[in-house]
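This report describes the architecture of a structural model, from its overall make-up to individual residues. The sequence and the coordinates are shown first.

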Amino acid sequence: MVARRWSQVLGTLVANPWFAYFGTRTIYQGKAKGLCFPGFNCYACPLALFSCPIGALQQSMTLISPRFRTASAGQAVVTAVKRTASYPVSALLYVVGFIGLVGILTGRLVCGWICPFGFLQDLLYKIPTPKLPLPQWMRFGKYFALVVVAMLIPYITGVHWYSRLCPAGSLEGAVPLELLPPKTPLPDVGWFFWLKIAILVVFLAWMVVTKRPFCRAACALGGAYAALTPFSFYRMRVDSAKCTSCGSCKASCPVDINIYENANSPECVRCLTCKKECPNGAVSSGFGRPYSSTIFERGSGPPA
Amino acid sequence: MATWLGRIRAPYLLLAIFLVMLVTGLLLGGFGKVFINGIVICLDCIGLI
């Protein structure tokens, strides 16, 4: 789908337009970083203009943590944050409200159409190699990543561990900053950097052989959107009168689902490829009142 | 479960809750906090290298 590819390119550019970095070698620290980008994009990326919602969520959890600390950010910054954190819960409200609003309105539409990391996975999967399916149980990983790694652990430890291990952070933040260092001198590369690189390499290799493994198994933002997808106002619909269960939808699906089994599956990234590929025009989509359709949507399956 | 949630109009309830959270967060200065957080986490990531 040409439109989706252009949308993904545009999403990547909108999230990362700070090309001034090449001249100034200074990470953007303006007001736009107070806004979250709806897709998964590291805000330590030298080109990033906006905040990563999951990074912001974790940092908000650490702000309300009884063990609040920013281990390596420097005492001046820690003091500055503490001084401004008169309402430490406000950032959490803002971020959860933002993620929730995007999720309830569009479900995982963002994952399929504008997320830069999803885009990367779509491209890597095009490399011709033997392909492997993702074990079904792994899809629960994204919920674990959201609740435990991105929320609970940062609250308990006061440290944003999801960001520290995130392959998107390594690819978009750590590696570019190492290759094109900012004016502020960087500490020497340590073992943790290599651990991050190892995680990144594993995921990159996995992306070549499996459809969107990070989105499906480890993305905390995808987990949040997935949880809201069944209730979202953007709906996928399958017309039971037209569907013949031919399987064209699953064959073209970037996340390997049968849309006629569950039109609004939490796994669906709303790429709309199935809508285009369906030979009978049985798949449709659009904004509407949730649960209002007379066409079957969830679990009722196609006609016998 | 999903039907039951639909019956109680969960999507509208969730929409309202998230909207209230977002607006309340903004009114209490959440934008500024995320802004500061963005800077902190950037610096922290640099520190990890």
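## Packing of α3 and α8 in chain A

How do the axes of helix α3 (residues 53-64) and helix α8 (residues 141-157) of chain A cross? In this predicted model, the two axes come within 7 Å and cross at roughly 25°. The angle is under 35 degrees, and α3(A) and α8(A) are therefore roughly parallel to each other. The crossing in which α3(A) passes α8(A) is right-handed.

From α3(A), the residues that meet α8(A) are A:Ile54, A:Leu57, A:Gln58, A:Met61, A:Thr62 and A:Ile64. Their counterparts in α8(A) are A:Ala150, A:Met151, A:Pro154 and A:Tyr155.

## Composition of the two chains

Chain A contains 15 helices and two strands. Of its 304 residues, 48% are buried. Among the contacts in chain A with a separation of 6 or more, 78% join residues 24 or more positions apart.

Chain B has three helices and zero strands, and its elements follow the order α-α-α from the N terminus. Buried residues account for 47% of the 49 residues of chain B.

## Domains of chain A

Chain A is divided into domain 1, spanning 2-225, and domain 2, spanning 234-304. Between these domains of chain A, 17 residues of domain 1 are in contact with nine residues of domain 2. On the side of domain 1 that touches domain 2, the elements giving two or more residues are α5, α6 (109-113), α7 (116-124) and α12 (213-217) of chain A. The largest share of that side, three residues, is supplied by α6(A).

## The largest nonpolar core

The largest nonpolar core has 81 residues, of which A:Val95, A:Ala150, A:Ala220 and A:Ile259 touch the most other members. Helix α5 of chain A (residues 89-106) gives the most to this core, contributing ten residues. Domain 1 (2-225) and domain 2 (234-304) of chain A both give residues to the core, so it lies between them.

Which residues are in contact with A:Ala220, leaving aside its neighbours within four places in sequence? They are A:Ile54, A:Lys142, A:Ala145, A:Leu146, A:Val149, A:Ala150 and A:Tyr162.

Helix α10 (residues 167-179) and helix α11 (residues 191-209) of chain A pack at an angle of about 110°, and their axes are 8 Å apart. That makes α10(A) roughly perpendicular to α11(A). The crossing in which α10(A) passes α11(A) is left-handed. On the α10(A) side, A:Pro167, A:Ser170, A:Leu171 and A:Ala174 take part, and they meet A:Phe193, A:Lys196, A:Ile197, A:Ile199, A:Leu200 and A:Phe203 in α11(A).

Another pair joins the two chains: the axes of α5(A) and helix α2 (residues 10-27) of chain B come within 7 Å, crossing at roughly 145°. This crossing of α5(A) and α2(B) is left-handed. The residues of α5(A) that meet α2(B) include A:Ser90, A:Tyr94, A:Gly97, A:Phe98, A:Leu101 and A:Ile104. Among the residues of α2(B) that meet α5(A) are B:Pro11, B:Leu15, B:Phe18, B:Leu22, B:Gly25 and B:Leu26.

## Individual loop residues

Most residues other than glycine have a negative phi. A:Arg212, although not a glycine, has a positive phi of about 40°. This residue lies in the loop between α11 and α12 of chain A. A:Arg212 counts as buried because 28 C-beta neighbours lie inside 10 Å. A:Asp256 is likewise not a glycine and has a positive phi of about 60°. The loop that holds A:Asp256 runs between α14 (248-252) and α15 (273-277) of chain A. With 15 other C-beta atoms within 10 Å, A:Asp256 is partly exposed.

Is A:Trp137 buried or exposed? A:Trp137 counts as exposed, because it has 8 C-beta neighbours inside 10 Å. A:Trp137 belongs to the loop between α7 and α8 of chain A. The C-alpha atom of A:Trp137 is separated by 8.8 Å from that of A:Ala217, a residue 80 residues apart from it along the chain.

Definitions and conventions. Residues are numbered from 1 along each chain as its sequence is written. Chains are lettered from A and ligands numbered from 1 in the order in which they are written. This is a predicted model: local features need pLDDT of at least 70, side-chain atom pairs count only at pLDDT 80 or more; totals for chains, interfaces and linings use all residues. A nonpolar core is a set of buried Ala, Val, Leu, Ile, Met, Phe, Trp, Tyr and Cys residues joined through C-beta atoms within 7 Å. A residue is buried if 20 or more other C-beta atoms lie within 10 Å of its own, exposed if 12 or fewer, and partly exposed in between; C-beta atoms are placed from the backbone. Helices (H or I, at least four residues) and strands (E, at least two) are DSSP runs, numbered from the N terminus. Domain bounds come from an automatic or database domain assignment. Two residues are in contact if their C-beta atoms, placed from the backbone, lie within 7 Å. Axes are lines fitted to C-alpha atoms, for helices over the stretch in contact, and angles run from 0 to 180 degrees between N-to-C directions. Angles under 35 degrees count as roughly parallel, over 145 as roughly antiparallel, 65 to 115 as roughly perpendicular and the rest as oblique. A crossing is left-handed if the near helix is turned anticlockwise from the far one by less than a right angle, and right-handed if clockwise.
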